Amino acid sequence: MSRRHIISLLMENEAGALSRVAGLFSARAYNIESLTVAPTEDATLSRMTIVTVGSEDIIEQITKQLNKLVDVIKVMDLTEGRHIERELMLVKVKAVGEGREEMKRTADIFRGRIIDVTDATYTIELTGTGSKLDAFLEAIDPAFIIETVRTGASGIGRGERSLKV
Amino acid sequence: MTETWQNDYPHRFTNELIFCQFMEATGAEIVVRCLAEEGVEFVFGYPGGAVLNIYDEIFKQNKFKHVLVRHEQAAVHAADAYARSTGRVGVALVTSGPGVTNAVTGIATAYMDSIPIVVVTGQVPTPAIGLDAFQEVDTVGITRPCVKHNFLVKDVKDLAATMKKAFIIAATGRPGPVVVDVPKDVTAHVTEFEYPATIEMRSYNPVVKGHSGQLKRAVQMLLEARRPMIYTGGGVVLGDASAQLTQLAGLLGFPVTNTLMGLGGHPATDRQNLGMLGMHGTYEANMAMQHCDVLLAVGARFDDRVIGNPAHFAREQRSIIHIDVDPSSISKRVKVDVPIVGDVKNVLTDMLALLKQAKEKPDAAALNAWWTQIELWRSKNCLKYNRNSPIIKPQYVVEKLWEVTKGDAFVTSDVGQHQMWAAQYYKFDKPRRWINSGGLGTMGVGLPYAMGVQLAHPDAQVACITGESSIQMNIQELSTCKQYRIPVKVVTLNNRYMGMVRQWQEFFYGSRYAESYMESLPDFVKLAEAYGHVGMRIDKPEDVEAALKEAFSPALKERMVFMDFQTDQTENVFPMVEGGKGLSEMILAEEL
């Protein structure tokens, strides 16, 4: 049975590191829903969060193949245990007339922040799980959406569960 | 061989470079000195603009020999065969752009069979990278999917450490090719040189020892087996574990089968050896594989040519123990019950120790019954062929080669029918004697493989079993054989067809032989002679043995001999498991 998994990994922050991971997924025909990457507090390390969908067998292979990459230091399937997942979305919406106030209220309900304002638009910043961001987009009139940008999920284990060198 | 070579090329080794530590060196000097520090004997290569600085340093040294091939693909194949036959890291050196793209087939071939090689590639100068410079390709990008790892060295200060890492990564864990891409300006830049004795990499720590709990479970399972089977692959050869494997199999009295890559890992002439398994495996090996109750898989990966249809394979109940150094090989195509990750030699050694301590023994009655069944399968004599044919049978040539070389030659092959016949009829009793492209199935490897093997083993008998189609894919290397006096013996099974393609067309495409007939073949005897070698054409079965004896006679020991055997055009490789079919659904020769 296919299930969504969030895989976190630490790898050497070297040129081409991202393409090794992306290349692995395309070469072996694994799904990739989102992939985020940035250096950690230790600039020699990159942390990557990959959201993928697959059966247990496929996920086992993905984890093993990632571990096999020479630059990869540690791999963890966050969805195997308690974890927190967050994604950032910026949404630029039309904000005119009555809709302007309504948009503000909806953003408040979702704990969004308006971070840029013009006479006719708001840009709203929202953080949450992917499904919360989806819910916000469903809650507003699609005709008002000018553009959206999402970071893809970042994840971290709860409590003592951590991924470090 | 070496002496005459030096006399022929006196300019090569006269300018001795004196190595001393902690001196400043250019990038090019560093590359050359790192190779010397690694104890490299041969660098197979082809010069070009981006590597001229490196070649200039090669000219000035005498620590290793450079072998000039006629095409970069052959350089990588030769380095690969050097590695396969010695267990040491093979080295190739090519220039940027087309040098690299030509080398890619060789790199991918080594990758598929997990062969440790380091390929140093020239690159355009760093300021020109990305500007579509002359002879520029994205080497790390192009090679990424077919290397264990690769590096682009942008700073000469990183060069020595990168070379060290390349050799460590290539040789340890599951071995594989490593590419080091060196821009031309980096080869000119100067830095302090010190070659590190070793380097720790926090991201790279292959597992060495097997898990002790898993080992105990595995041993228990083996002792309780009633219809056991040992299935071994290239990992046993690469891991130098043949002695341990043979001892284990002997101690338990279990049957053994080898994959194409694993031939020689367990002696083929041993009674316990059932021969190769898989698409063209023996009847007894495939049947025993399908019907065993406990399967010990050692350094093998259950690939599609080995077990056929995985669903069919899974129909029979069996417990599987799988030893492999690469965790990702385990439970990839077939679910296993006891995975053991570790170096095959260590794991087998630990297993042997546990077995010797164990009070229980395998159930002798059950094992006897199992062997009775196996002997029944074996009595089908699935490798029989018509020995009274007036036309030369390819199998006969391979059998005679085995006899004439007393089973002790290094045999390389190309890809196709001849490769399967070589695997079936040359009985390899020692590891690292059978050199072929198992995973990628690269036509054209045979001759460059033979060169790499012969240079590594100058006194050994080296035969290249090939076909008239494969040999033409790297025929230019006859010239390299001449230059370095590499006395390999080419055994061409010439049936004027791409035989394996023809066989599939006969079976599955209504005998429509689309583009598989080899028109306009050269006169191979004249061709061999044109390159300065000995050519022979053999038309009749009664001349086969004499020709082989002559080729391997002391009189021709120093000569490269090209034997063109005119073989039966209609001969097919049996047994055969069709694609998508199960292992026990073989087509045997007599059934057609």
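**Figure 1. Salt bridge between B:Arg387 and B:Glu399 in the predicted model**. The side chains of B:Arg387 and B:Glu399 form a salt bridge, with 2.8 Å from N to O. B:Arg387 belongs to the loop between helix 16 (364-378) and helix 17 (394-404) of chain B, whereas B:Glu399 is part of helix 17 itself, so the contact ties together parts that are 12 residues apart in sequence. The two partners fall into separate accessibility classes: B:Arg387 has a relative accessible area of 52% and is exposed because the threshold for that class is over 50%. B:Glu399, at 15%, is buried, because that class covers values under 20%.

**Figure 2. Salt bridge between A:Glu33 and A:Arg4**. A distance of 3.4 Å, N to O, relates the side chains of A:Glu33 and A:Arg4 in this salt bridge. The pair links distant parts of chain A, 29 residues apart. A:Glu33 is located in the loop between helix 1 (17-27) and strand 2 (34-39), and A:Arg4 in strand 1 (residues 3-12). A:Arg4 counts as partly exposed, with a relative accessibility of 33%.

Figure 3. The closest N and O atoms of B:Lys335 and A:Glu60 are 3.6 Å apart. A:Glu60 has a relative accessibility of 29% and counts as partly exposed. Both residues take part in a network of salt bridges that also includes A:Asp57 and A:Lys64. Over all chains, the count of salt bridges comes to 38.

**Figure 4. The second largest pocket and its lining**. This pocket has a volume of about 1100 Å³. Its lining comprises 40 residues, and those nearest the centre are A:Gln65, A:Lys68, A:Leu69, B:Tyr111 and B:Asp326. Two or more lining residues are given by each of helix 1, helix 2 and strand 4 (72-77) of chain A, and by helix 5 (98-112) of chain B. By class, the lining of the second largest pocket contains 17 nonpolar, 12 polar and 11 charged residues.

Note on methods. Residues numbered from 1 in each chain as written. Chains lettered and ligands numbered in written order. Predicted model: local features only at pLDDT ≥ 70, side-chain atom pairs only at ≥ 80, totals over all residues. Heavy atoms only, no water. Salt bridge = Lys/Arg side-chain N within 4 Å of Asp/Glu carboxyl O. Helix = DSSP H or I, 4+ residues; strand = E, 2+ residues; numbered from the N terminus. Buried < 20%, exposed > 50% of the residue type's maximum accessible area, 1.4 Å probe, protein only. 1 Å grid on protein atoms, 1.4 Å probe; cavity = no way out; pocket = protein on both sides within 12 Å on 5 of 7 lines; lining within 4 Å. Points joined across faces, edges and corners; volume = space filled by probe spheres on them. Nonpolar A, V, L, I, M, F, W, Y, C, P; charged D, E, K, R; others polar.
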